[in-house]
Each structure stands twice: as structure tokens, then as C-alpha cells.
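Here's a quick briefing to read alongside the model. Have the sequence and the 3D view open as you go.

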Amino acid sequence: MLERLNQAMEHIEHHLDQPIDVAGLARIAATSEYHLRRMFSALAGMPLSEYVRRRRLTVAGAEVLAGRETLLGIATRYGYGSGEAFARAFRAMHGVGPGEARRTGAALVSQPRLTFRLTVEGSSSMRYRVVDRPDFSVVGLKTRVPLVHAGPNQAIIDFVRGIEPRTLERLEKLSDQEPQGIVAVCDDLDPSRAEGTELDYYHGVITSAAAPEGTTALPVPAGTWAVFTTSGPAPEAIQYLWRDVFTEWFPSNPYRNRPGPEILRIRRSPDGAEADAELWLPVERERG
């Protein structure tokens, strides 16, 4: 997988002055566009679109300083419809406009080319299983929240705190499938997985029962799921699990992420400092 991903990175490098077709990149990487975006974001720490933008502005910055071509010519070659649009993007990345950078020889920001390598520590093994599930429903309360990569998600915390205990008790009685009990479910995430983009958050249960009045149902079709478990400090252990699944497990196993909700069951220690977690991700086998 990483070899193919690096081939896609090489393709980007040779086509920075052309529109980048993400579907074409996915074909080079021999995976789906959905999984490519998810993998890249997890491995690089930024959305694929942001990486391409930063690489273009890095190369364009070098050409601005070289002074061999007009600023408008550089802007047009790298996909900007006007000198003003190029100047805004250039200033946002480099902290200085292209004209001033050329006049003064200012120091510019550089986005290095990315190459991905898998480092296997071997100090611990990831606990997982793969299961096929018939269709089911997530039934619970729903809100729209921003994506937070590290640290507590205050929007989710505030939402859950506002749910009456009696409502949770009624929901928990509907739980009739694993993962059992109250679960946190994320759905309709932005393909970029960028910090601050929004997603649907459900606080509810996995069930075959109908949704009671005042709750929302999310139908989930039959499919294959990879189930990962971890224990440790909350929320860090849970966020590290998400990271490790995409930086270690997917590159080492013949599966890719497919569209669908991501389900998390958490059992916290009495003081809330530690947690046992079970993460369910929708997957499909890579086509060999």
C-alpha cells in the first residue's frame, strides 16, 4: 500500500501545474478515493487537497524569487484565475505577497515533498477482529459537531451533558447487538478529515428496534467491520487508537476503509481518567 501511495505522491509532483484528479491518484494507489483521502490525512496530518496547495505554492514561491517569469504567468500556470487570487493564497502561506517577496528576496515557507515509510516498533500488537454484520440501526440523539483531532471535543461533551439520564436509560434498554450499551457514532464526515470540518454525531445504541419518539435512527447496511480495542488514559488512548489504525494497521493489512459510520464504545474508570474502548470501522478487502 505505501509503495503505491508513494507512486501517487510522485504523480502529484510531476503535475503540480495541472489539475490533480483524486480519482486518478486513487487508481495509482490501487485503492478507493475515499480510503486514499482518509489514509493520507492520517499519515500526513493534513488533507490531501491542502498538501497539493502547499506544494504548488512552495514551487511557485521558488519561481517568484527566481524572477524569470511574470507573477501573472506563474499564477496562471499554477491554477489561479487572477493575480489577486494568487497573491492572497501566496500571502496566506508565506506571510508576504509575491511582489514584495520578489523585490526583497524574503524568506518563504516550504512544504517538503512527502514520502511514506512504515516503521514497525514490534513492542506491542494491535488487538483487532474482523466481523461481517447484517444491517442494523443506530438509534439515539443526534447533533452536528466540529472534528477535533487532539484533546477533548467540547461540542460533544456539552451535547452529552445535556441529555437527561432517563433518556439514556430508555435507550440502553433498546441495545440488542454488539457493541452493547451506549455508543458514540460519527457519520457524514468531510472527505478531507480536516480539523474543524463538521460531522454528524449520534449518542445512542445499536439495535433492531424502532426509534422511540424524540430520537433519530441511522440505518446501516450489512457489511464488514474491523473492531479494535484499547485501554489507557482518556481521551488520548482513544485518539491514538484512531491514528494507529490508519498509520499502522491499514498499511499492513489487505483492507481499506469504506464509507459508513464509525462506532466507538467507551467504558470509563470511576474517576474518568482511564478508559476501555472498542472502535468499529467499516472496511472492505482491497482488490488484489
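Helices (H or I, at least four residues) and strands (E, at least two) are DSSP runs, numbered from the N terminus. This is a predicted model, where local features need pLDDT of at least 70, side-chain atom pairs count only at pLDDT 80 or more, and totals for chains, interfaces and linings use all residues. Residues are numbered from 1 along each chain as its sequence is written, and side-chain values use heavy atoms, with hydrogens and water left out.

**The overall picture**

- The protein has 10 helices and 9 strands, and its C-alpha trace spans about 70 × 45 × 35 Å along the principal axes.
- Of the 288 residues, 46% are buried; buried means under 20% relative accessible area, exposed over 50%, and partly exposed in between (1.4 Å probe, protein chains only).
- Contact here means heavy atoms within 4.5 Å. Among contacts with a separation of 6 or more, 73% are between residues 24 or more positions apart.
- The accessible surface comes to about 14,700 Å², with 50% of it belonging to carbon and sulfur atoms. Those areas come from the Shrake-Rupley method with a 1.4 Å probe, and for residues only the protein chains shown count as cover.
- There are 34 positive and 37 negative side chains, and the centres of the two sets lie 4 Å apart. Lys and Arg count as positive and Asp and Glu as negative, while His and the chain ends are not counted; each charge is placed at NZ of Lys, CZ of Arg, CG of Asp or CD of Glu.

- Mean pLDDT (the predictor's confidence in each residue, from 0 to 100) is 90, and 97% of the residues reach 70 or more.
- Watch residues 121-125: pLDDT stays under 50 there, and the model gives them 0 contacts beyond four places in sequence. Where pLDDT is low, the predicted coordinates should not be read in detail.

**Helices α3 and α4**

- Helix α3 (residues 33-44) has 12 residues, which at 1.5 Å a residue should span 16 Å; the end C-alpha atoms are 16 Å apart, so the two agree.
- On α3 the buried residues are H35, L36, R38, M39, F40 and S41. Their cover includes α1 (2-14), α2 (22-28), α4 (48-66), α10 (236-252), β7 (255-257) and β8 (262-268).
- α4 has 19 residues and runs 27 Å from its first C-alpha to its last, close to the 27 Å expected at 1.5 Å a residue.
- The buried set on α4 is L48, Y51, V52, R55, R56, L57, T58, A60, G61 and V64. These residues pack against α1, α2, α3, α5 (71-77), α6 (83-94) and α7 (98-104).

- A275 sits in strand β9 (residues 274-285) and is buried, with a relative accessible area of 5%.
- Leaving out residues up to four places away in sequence, A275 touches T230, S231, G232, A234, I238, I266, R267 and R268.
- T230 belongs to strand β6 (residues 223-233) and counts as buried at 16% relative accessibility.
- For a sense of distance, A275 and T76 are 199 residues apart in sequence and 52 Å apart in space, C-alpha to C-alpha.

- Most residues other than glycine have a negative phi, and most peptide bonds are trans.
- The peptide bond from E178 to P179 is cis, with omega near -5°; P179 is in the loop between α9 (165-174) and β3 (183-187).
- A30 isn't a glycine, yet its phi is positive at about 55°. A30 lies in the loop between α2 and α3 and is partly exposed at 34% relative accessibility.
- D188 also has a positive phi, near 55°. D188 lies in the loop between β3 and β4 (198-207) and is partly exposed, with a relative accessible area of 45%.
- A150 is in the loop between β2 (136-146) and α8 (154-161), and it counts as exposed at 59% relative accessibility.

Note on methods:
The expected span of a helix is 1.5 Å times one less than its number of residues.
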